[in-house]
Amino acid sequence: MLRRRSIVGMNPRMAAILGTFQIFWIWYGLMIGSRSVVMWNVIAVITNFLTVAAYLYFRRSETRSW
């Protein structure tokens, strides 16, 4: 998405589903006291957030160019 500067092929619904499950994994990691489960899923949530932010940015720029 960053290389093409386009949102073609990106599905925001899938990113939302993935983010929801990542938050559940963080919760699970906190419940069992596993730092590694929490840490890796926090990294995944941040990556997912940046992907959605890029999607929103490129969607806005694509709608302006039409």
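Me: Why is Phe58 called buried?

Reply: This is a predicted model, and in it Phe58 has a relative accessibility of 4%. Buried means under 20%, so Phe58 gets that label.

Me: And what makes Tyr57 partly exposed?

Reply: Its relative accessible area is 48%. The partly exposed label sits between the 20% limit for buried and the 50% limit for exposed, so Tyr57 belongs there.

Me: How do you know that the rings of Tyr57 and Phe58 pair up edge-to-face?

Reply: The count here is three aromatic pairs. For Tyr57 and Phe58, the ring centres are 5.3 Å apart and the planes sit at 70 degrees. Centres within 6.5 Å make a pair, and planes over 60 degrees apart make it edge-to-face, so that's what this one is called.

Me: Where is Ser34, and why does it count as buried?

Reply: You'll find Ser34 in the loop between helix H1 (12-32) and helix H2 (35-65). Its relative accessibility is 19%, and the cut-off is under 20%, so Ser34 counts as buried.

Me: What makes the Ser34 side chain and the backbone nitrogen of Val37 a polar contact?

Reply: A polar atom of the Ser34 side chain lies 3.4 Å from that Val37 nitrogen.

Me: How many helices and strands does the whole chain have, and how much of it is buried?

Reply: Two helices and zero strands. Of its 66 residues, 23% count as buried.

Terms used: Residues are numbered from 1 along each chain as its sequence is written. This is a predicted model: local features need pLDDT of at least 70, side-chain atom pairs count only at pLDDT 80 or more; totals for chains, interfaces and linings use all residues. Side-chain values use heavy atoms; hydrogens and water are left out. Helices (H or I, at least four residues) and strands (E, at least two) are DSSP runs, numbered from the N terminus. Buried means under 20% relative accessible area, exposed over 50%, partly exposed in between (1.4 Å probe, protein chains only). A polar contact is a pair of N or O atoms within 3.5 Å; within protein, one must be able to donate a hydrogen and the other to accept it, and residues adjacent in sequence count only if both atoms are side-chain atoms. Rings of Phe, Tyr and Trp (its six-membered ring) pair if their centres lie within 6.5 Å; planes under 30 degrees apart count as stacked, over 60 as edge-to-face and the rest as tilted.
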